[in-house]
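Please consult the sequence and the structure alongside each point.

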Amino acid sequence: MCRVEIYAHRGASGVALENTWKAFNMAHQLGVGIELDIQLTQDGIAIVYHDEQLKRLTGTKANISDVPFQVLEPVKVRKLFKRFGSHQIPLASDVFDWAFAKKIPLNIELKSSIALHPSGPEIITNLLDGMENFHLSSFDIGLLEKMKSLRPDIEVAWIMKKAKQLNELEDYGWVDSIHFHKKFHRAKWLEPIAALDKPIRLYGVIGNERFLRSLHPSVKGLITDYPSRIA
């Protein structure tokens, strides 16, 4: 099965709290890559956290882009029923250094707080200096374009929400790869992308999907909460 890249979505988030050191270490033990989300605080510190809003995992009603890191540093993240325990929010720089030292491939998803910060793309670009074996992904095509202009050598992947966005692909020839929900694993959606020579990674994969037995040749990677079911 492992002719394709496997990325643990927010770490091994099916069995550990998303985007935490525990989730990342569990993914590393399985020998897979890691998908993680990067946000910027008000004062330009890059942290690993998915939501723009803090409420779901911290109980705090605030946007990350409105809060300085000093306020966030002691904050604990947890699930409502505490099955996964409580954890600190990781610094992106610490996770990048750890992944580089251990040669772990990263799928770095850039969130909207980076685009909102006046120096957001430049801050992220500086953090990536010296990094290897990673690519950037985002739903925000404008943010990806800015990152590509700053670092043309970096692979950027557009995360598509809707199949109709395929009609826009020819306008974005600089996009290197596409991330598509698993429901689009059909020739009618994948063939147009393959014709443009853009590799595809599928997200939302659980591990029991029938298409995993016969993946389309354009599929380069799978993004899953349960990497142990696939790796």
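1. Charge. In this predicted model, the protein carries 30 positive and 27 negative side chains. The centres of these two sets lie 10 Å apart.

2. Surface. The protein exposes about 11,100 Å². Carbon and sulfur atoms supply 50% of that area. As for the interior, buried residues make up 52% of the 231 residues.

3. Secondary structure and overall form. The protein contains eight helices and eleven strands. Its radius of gyration is 17 Å, close to the 17 Å that the globule rule gives for 231 residues, so the protein is as compact as a globular protein of that length. Along the principal axes, the C-alpha atoms fill a box of roughly 50 × 40 × 35 Å.

4. Contacts along the chain. Among contacts in the protein with a separation of 6 or more, 53% are accounted for by residues 24 or more positions apart.

5. Which residues of helix α4 are buried? In this helix, which spans residues 92-102, they are A92, V95, F96, W98 and A99. Seen down the axis of α4, the buried residues fall within an arc of 165°, so they line one face of the helix. D97 and A101, on the other side of α4, are exposed.

6. The surroundings of helix α4. What do the buried residues of α4 pack against? Their partners include two helices, α1 (21-29) and α6 (120-127). The buried residues also pack against the strands β2 (33-40), β3 (46-48) and β6 (106-110).

7. The residue K103. Just after α4, K103 takes a positive phi of about 60°. This value deserves a remark, because most residues other than glycine have a negative phi. K103 is found in the loop between α4 and β6. Is K103 buried or exposed? With a relative accessible area of 68%, K103 is exposed, because the cut-off for that class is over 50%.

8. The residue N133. A positive phi of about 60° also occurs at N133, although N133 is not a glycine. Where is N133 placed? N133 belongs to the loop between α6 and β7 (134-138). Its relative accessibility is 48%, so N133 counts as partly exposed.

9. Points to check in the display. The reader may wish to locate the buried face of α4, and then the exposed residues D97 and A101 on its other side. The loops holding K103 and N133 may be examined next.

Conventions. Residues numbered from 1 in each chain as written. Predicted model: local features only at pLDDT ≥ 70, side-chain atom pairs only at ≥ 80, totals over all residues. Heavy atoms only, no water. Helix = DSSP H or I, 4+ residues; strand = E, 2+ residues; numbered from the N terminus. Rg over C-alpha atoms; globule rule 2.2 N^0.38 Å. Buried < 20%, exposed > 50% of the residue type's maximum accessible area, 1.4 Å probe, protein only. Contact = heavy atoms within 4.5 Å. Areas by Shrake-Rupley, 256 points an atom, 1.4 Å probe, with all protein chains shown as cover. Lys, Arg positive; Asp, Glu negative; His and termini not counted. Charge placed at Lys NZ, Arg CZ, Asp CG, Glu CD. Arc of directions from axis to C-beta.
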